[in-house]
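Here is a brisk report on one protein chain. Keep the sequence and the 3D view open while reading.

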Amino acid sequence: MEEYNFDNKISRDDAFSAKWNGKQYSTLYPTIPLSVADMDIPLPEKVINRLAHLSQQGIYGYTLLSPDWEECVAQWMLRHYQWPINPQHVVFCPRVIQAVSLYLQNFTHAGDAIVSLTPAYHPISNAVVVNQRQLLESELIYSDGRYSINFTDLEEKFKQASCFILLSPHNPTGTVWDHAALTKIAALAEQYQVFIISDDVHADFIFSNSQHQVISSFNRYVEQNSFICTSPAKTFNMAGLEVANIIIANDKHRQKFQRCLEAAGIHNPGYYAVPALLTAYRDCDDWLQALKHYLAANRELVCTTLKAHFPGWVVTRSEGTYMLWVNYQSSNLTETELKSWFLERAGVEMSWGSGFGAAGKGFFRINIATPRAILAEALARIVSTSPYSHQE
């Protein structure tokens, strides 16, 4: 395997970064943000070179999808998930959240009940609310540092709902849903005729021998009544290029969704989207494998550091995503107190549990997809500024 260097620190100060150009809190340190879910790691060099070549042309006109776009996506799904799909089922959409909103606006009605698992990624839950649908949250069971689904509660919610939004792997907990859980969800969906939107954007980051499983492969009903939302955005750190693929097996649903995209004025992809996806999906498997090894070591650094200095804290036992979900409830700190410590004293920003709903109380999410030196500095600041270290 080719050697890759993920340790380079890249300044993003002049990029209007949503992650790095936010408020500064500490008077002692510049803020290190471990919050927004993008990586501080450049794209693979093959992608960078391809985009640099296009930049040199100096013409940024309208672009089209390539003739082999859908086939390239289908080959990625088969190679990485052993999921065979018909390339004709692939629909381009710039962002997954756009696809979710378009589904809610055009396939459901105001007041319809939409189910999600909580704690949950806020933009997905918010899309339900702002589109005037009823959000039914089924709280995950938290036990011994792991999360599982309360299927008794979920079934009661399915009885009332028209759609279920699944995050797979789950964000923020990092839970990778196993075969048994997905089988039960698929069976309930069929029993109660519930449509499934599955957001699989973190599927390429599983830190175990587990294989990501796509829920539409579990029964014929879900295959024909689901949107599977995928994207290279998280995998290759290209969220700003706005490229996602919505996989829709049902012809009528797919054709209707394509009309919705057209009605919303969504047609030509951004200038860099097509070459970036094609190059990443065709030529960068080795880069991704190396990155996962690097991030696995970052995961271990966080876990060992927190265990040594804050032994009462619990890093959720999970296998997915490049975020870790940490339970700090043993500290008896309020979120306000934790934020004061992390932001103002240590100059480190996390994603705070309250942003993921009531079930996130007493937790924070840490993004580990950054050069190890930056992660180590952030952890060292937290430890050195803490009155609680070694005292729990």
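## A salt bridge within one helix

K157 and D153 both sit in helix α5, which spans residues 151-158. They are 4 residues apart, so about one helical turn separates them. The two side chains form a salt bridge, with the closest N and O atoms 2.8 Å apart. The model is predicted, so read each distance here as a computed value.

How exposed are the two partners? K157 counts as buried, at 15% relative accessibility. D153 counts as partly exposed, at 22%. The cut-off between the two classes is 20% relative accessible area.

## Salt bridges across the chain

How many salt bridges does the structure hold? The count comes to 13. One of them pairs R12 with D40, at 2.8 Å from N to O. R12 lies in the segment before β1, while D40 lies in the loop between β1 and α1 (45-57). The pair therefore ties together parts that are 28 residues apart in sequence. Both R12 and D40 are buried.

Another salt bridge joins E242 and R95, at 3.8 Å from N to O. This pair links distant parts of the chain, 147 residues apart. E242 is in the loop between α8 (233-236) and β10 (244-247). R95 is in the loop between β2 and α3 (96-107). Both ends are partly exposed: E242 has 32% relative accessibility, and R95 has a relative accessible area of 42%.

The structure holds 0 disulfides. A disulfide needs the two sulfur atoms within 2.5 Å.

C260 is in no disulfide either. For C260, too, the nearest cysteine sulfur belongs to C93, and it is 10 Å away. Both C229 and C260 are buried. C229 has 1% relative accessibility. C260 has a relative accessible area of 8%.

Which peptide bonds are cis? One runs from S168 to P169, with omega near -5°. Another joins N171 and P172, with omega about 25°.

Where do these prolines sit? P169 is in the loop between β7 (163-167) and α6 (179-192). P172 is also placed in the loop between β7 and α6.

Q82 is not a glycine, yet its phi is positive, near 55°. It lies in the loop between α2 (69-81) and β2 (90-93). Q82 counts as partly exposed, at 49% relative accessibility.

T321 is another case. Its phi is about 70°, again positive in a residue that is not a glycine. T321 sits in the loop between β11 (314-315) and β12 (323-327). Is T321 buried or exposed? T321 is buried, with a relative accessible area of 1%.

## A negative patch on the surface

Which residues make up the patch of negative charge? E2, E3, E45 and D286 gather there, on the surface. E2 comes from the segment before β1 (32-33). E2 is partly exposed, with a relative accessible area of 48%. Residues in such a patch need over 30% relative accessible area and no salt bridge.

## A buried tyrosine

Y281 lies in helix α10, residues 273-283. At 2% relative accessibility, Y281 counts as buried.

How far apart are Y281 and A203? In sequence, 78 residues separate them. In space, the distance is 14 Å from C-alpha to C-alpha.

Technical notes: Residues numbered from 1 in each chain as written. Predicted model: local features only at pLDDT ≥ 70, side-chain atom pairs only at ≥ 80, totals over all residues. Heavy atoms only, no water. Helix = DSSP H or I, 4+ residues; strand = E, 2+ residues; numbered from the N terminus. Buried < 20%, exposed > 50% of the residue type's maximum accessible area, 1.4 Å probe, protein only. Patch = residues over 30% accessible without salt bridge, like charges linked within 9 Å, V, L, I, M, F, W, Y side chains within 5 Å. Areas by Shrake-Rupley, 256 points an atom, 1.4 Å probe, with all protein chains shown as cover. Salt bridge = Lys/Arg side-chain N within 4 Å of Asp/Glu carboxyl O. Lys, Arg positive; Asp, Glu negative; His and termini not counted. Charge placed at Lys NZ, Arg CZ, Asp CG, Glu CD.
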